There are 2 protein chains.
Amino acid sequence: MNPRLERLHAYPFERLARLKAGAVPPANLPHIGMSIGEPQHTPPAFVLETLRANLDRLGSYPATAGLLELRSACARWLERRFGLPAGSVSEDSMVLPVNGTREALFAFVQAVVDPGGKKSRPSLPTVAATPGPTTLDPLDKKGRPSLPTVATAPGSTALDPLVLMPNPFYQIYEGAALLAGAEPYMLDTTAATGYTPDLDAVPEAVWRRCQVLFLCSPGNPTGAVLSLEYLRRALDLAERYDFVIAGDECYTELYLDEDAPPPGLLQACIAAGNDRFRRCVVFHSLSKRSSVPGLRSGFVAGDPEILKRFLLYRTYHGSAMPVPTQLASVAAWQEDSHAVENRRLYQEKFSRVLPILRPVMNVEKPAGAFYLWPDVGGDDERFTRELFARKNLTVLPGSYLARESAEARDGSGGHGTEARASSAGHGAVATGTPGVRFNPGAGRVRISLVASVQQCVEAAERIRDFLRQDWAG
Amino acid sequence: MNPRLERLHAYPFERLARLKAGAVPPANLPHIGMSIGEPQHTPPAFVLETLRANLDRLGSYPATAGLLELRSACARWLERRFGLPAGSVSEDSMVLPVNGTREALFAFVQAVVDPGGKKSRPSLPTVAATPGPTTLDPLDKKGRPSLPTVATAPGSTALDPLVLMPNPFYQIYEGAALLAGAEPYMLDTTAATGYTPDLDAVPEAVWRRCQVLFLCSPGNPTGAVLSLEYLRRALDLAERYDFVIAGDECYTELYLDEDAPPPGLLQACIAAGNDRFRRCVVFHSLSKRSSVPGLRSGFVAGDPEILKRFLLYRTYHGSAMPVPTQLASVAAWQEDSHAVENRRLYQEKFSRVLPILRPVMNVEKPAGAFYLWPDVGGDDERFTRELFARKNLTVLPGSYLARESAEARDGSGGHGTEARASSAGHGAVATGTPGVRFNPGAGRVRISLVASVQQCVEAAERIRDFLRQDWAG
């Protein structure tokens, strides 16, 4: 068997099942599940109707590239949603359908990473990442020394590939990196960093080895949104150090302030004059936008040179989308009002739940997604287990979504390996002190507001009562 | 980008499109497509009805392992179809749903192959491959010298992994091997070998490096069926040389003699006393059995130790089957009469088409699948292009489905590399002479009998007329 499989971590929900084993919740309370990020709103009737009306199209193999009308619907939605110039996203070369973002994120890393350490694209940029006076090295405007082309000597371990990702994270990022033969490198997202990765804290030696940077905005589990300026800074770094940015934007339609939709990575590209989306690929999904997690429909968009190679990979990978699913997806991407109503329901849940929880725990209103990420003032595993035992309510320990890291931010590159090799999530207290290992998810839990408004309110009341009556921290 | 992508060959249909470009077929004849192996019979109404009735189940994420009822339906079908003892296929540990066999064949090789050359399982067998007197080395019964444990020294190139496959083949086998970091090794299937790979012609040095052996029965494109004895011989070799057999049985429900259904690999395991299906995984699909190629539904079954690791891989790989598709698949696997009627239609096509073609070309009745694989008595590319230009009928050049090979069967292992690196399919005449490179698909075309009976008859008449009037070979 492939020995890289040995490096995979247990999935958080396997660990959660073990944690809950043996605990007996009160029989008089119905169970409320808030651990899984699975949308539970009613799927839009017109999407199911379109699917139903096209089931006779199951008699033919779907093409990996998908139907032109699906790629067009996705391109037009991107332009509409992110205020991109009309026609700036080419349905011919810049969009590919995928069977959900999990499949796509995983396959993308397999297709992109060179385990031998060679970089993704020619290292001399031909497009300025930020508009401004063109010089021989347009990226040099911040006064950093111009870097020589990164050496790619075969057999050198100095350039063993890294995949950078937020920590805590969606675990597929880590598994995709490991199975592609790269080392995951964790970027802690804590209250101190505004729940976003601190790009300026990443050592240059790490950037030189970086092949893929995962960004997730709004973030899972923090709900933090990356600003346009942040994304442009990431673009600069991608140009300078020759890596690809994988923008996981599956939560981008779920935000709390109707006047401030989260910006997207392609939007940052356009703002920076990078109108071919060079080095950038974004991942979108109908699971959250249209509450159809079981449909398995999403798309990737961005750099046509990368997507061309990704399409080649996908021809073998074999995850073409069934035609009826494609046609239902066309309907879903073309229609916005159902997404507004879907978002409104989440906004209502936050409005109802936060006033109940704020008096009893340290919890902030996120900018987007559908999670609460409170500090429980103690061991997150014990909190989760006791809450289940007392209130028949399941949340997810934050430490299960992260890895221990930050033993010493020396950038030697041993970091990722160390983080991976350690056993995370046994309730270690997050200290943030350099030189001390800590798990940035420890002491927090992830609460998914996916159930109905009424159930979420009921859950908040149970958590409040638990905190008042049962929890000593 | 992953440099292994550079090693992939153009897909046969891309090459076919280039071959046909510029040719102008007669406007008065409607096009008949016979190049793609895409079933076109009407999907069974009850399968679509079950799908339709369960679309409300799209509101939840499917689990990678699938529903127990789907795994049970698959297990019971295997037992019924192959005459296995009741309960011999465990739905708990020996079956996994997949989104079609393409996705599964590809992912399986990624999960199984160790590019470092270590073997798949402990090399000392604990189960006798064939019933008989137990000795310290039960595989030694044929008088071969007992082999030492295969060395797995890291860095040794002597054990760089090979994936063995029939030639011609389903191109996914080759791409999966290349992307997994293994070298494809081609086993020519020609009239001289009865259109099956000659296992006894494989040098021991090749077996020692073999990690996966692909077998396809009934074969694509030859339609040849592997006997139970043949499969047991393959099992012996798998035990002796410590490799995995991937049995592609997606055509197993399509056969011409109702009294002789093709045997399956798991059936051979049971016959050999290997009741845990050690080292064996089979790939099945509803695409051909139930004429629902667009449903993307199949399953794998076999060795629980291998499937356990494959399930772990698939958790990240992310190709879980939507729940409505799973439920429609349960209905399809539980019902056999529609598969009988489906098969009858193919049998009728062979009965109608062969009498038209036999007088004018060298074409044999296959044992299974839905292809004709005739010798066209000349260059297969030119035949294909001229047939299209004269008769508006598309077939697939046989050379596109195979690689040049057999420069010298010395087993040095350079073989696979050479075959890959060469440019196949330019109409080289197959000679079969050792030391002479040849493409075992050259001089033949693949004709898919997927259209209606009437269209297939019309196509046969056009081919007959073309051969009589237009083709000089």
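Colleague: How many residues does the contact take from chain A, and how many from chain B?
Modeller: Keep in mind that this is a predicted model. Between the two chains, the contact takes residues from each side: 52 residues from chain A and 52 residues from chain B.

Colleague: Which helices of chain A each supply at least two residues of the side that touches chain B?
Modeller: Let's stay on the side of chain A that touches chain B. The helices that each supply at least two residues there are α2 (45-53), α4 (101-112), α5 (171-179) and α10 (304-317).

Colleague: And how do the residues on that side of chain A divide into nonpolar, polar and charged?
Modeller: Take the residues of chain A that touch chain B and sort them by type. Nine are charged and 16 are polar. That leaves the nonpolar group, with 27.

Colleague: Stepping back to chain A as a whole, what percentage of its residues count as buried?
Modeller: Its secondary structure comes to 15 helices and 12 strands. Among its contacts with a separation of 6 or more, 78% are between residues 24 or more positions apart. Of the 473 residues in chain A, the share that count as buried is 55%.

Colleague: Which peptide bond is cis with omega near 10°?
Modeller: Most residues other than glycine have a negative phi, and most peptide bonds are trans. The cis bond with omega near 10° runs from N167(A) to P168(A).

Colleague: And which one is cis with omega near -10°?
Modeller: For that, go to the loop between β5 (210-216) and α7 (228-241) of chain A, where P218(A) is found. The cis bond with omega near -10° runs from S217(A) to P218(A).

Colleague: Is S291(A) buried or exposed?
Modeller: S291(A) is found in the loop between α9 (286-289) and β8 (298-302) of chain A, and its phi is positive, near 50°, though the residue is not glycine. The cut-off for buried is 20 or more other C-beta atoms within 10 Å. S291(A) has 25 such neighbours, so it counts as buried.

Colleague: What is phi of F277(B) near?
Modeller: F277(B) lies in the loop between α8 (265-271) and β7 (280-285) of chain B. With 28 other C-beta atoms within 10 Å, F277(B) is buried. Its phi is positive in a residue other than glycine, near 55°.

Colleague: In β12(B), which residue is the bridge partner of Y371(B)?
Modeller: In chain B, three strands form an open antiparallel sheet in the order β9-β12-β11, with β9 (371-372) and β11 (396-397) as the edge strands. Two bridges join β9(B) to β12 (residues 445-448). In β12(B), the partner of Y371(B) is S448(B).

Conventions. Residues are numbered from 1 along each chain as its sequence is written. Chains are lettered from A and ligands numbered from 1 in the order in which they are written. This is a predicted model: local features need pLDDT of at least 70, side-chain atom pairs count only at pLDDT 80 or more; totals for chains, interfaces and linings use all residues. Two residues are in contact if their C-beta atoms, placed from the backbone, lie within 7 Å. Helices (H or I, at least four residues) and strands (E, at least two) are DSSP runs, numbered from the N terminus. Ala, Val, Leu, Ile, Met, Phe, Trp, Tyr, Cys and Pro count as nonpolar, Asp, Glu, Lys and Arg as charged, and the others, Gly among them, as polar. A residue is buried if 20 or more other C-beta atoms lie within 10 Å of its own, exposed if 12 or fewer, and partly exposed in between; C-beta atoms are placed from the backbone. Two strands pair if DSSP finds at least two bridges between them.
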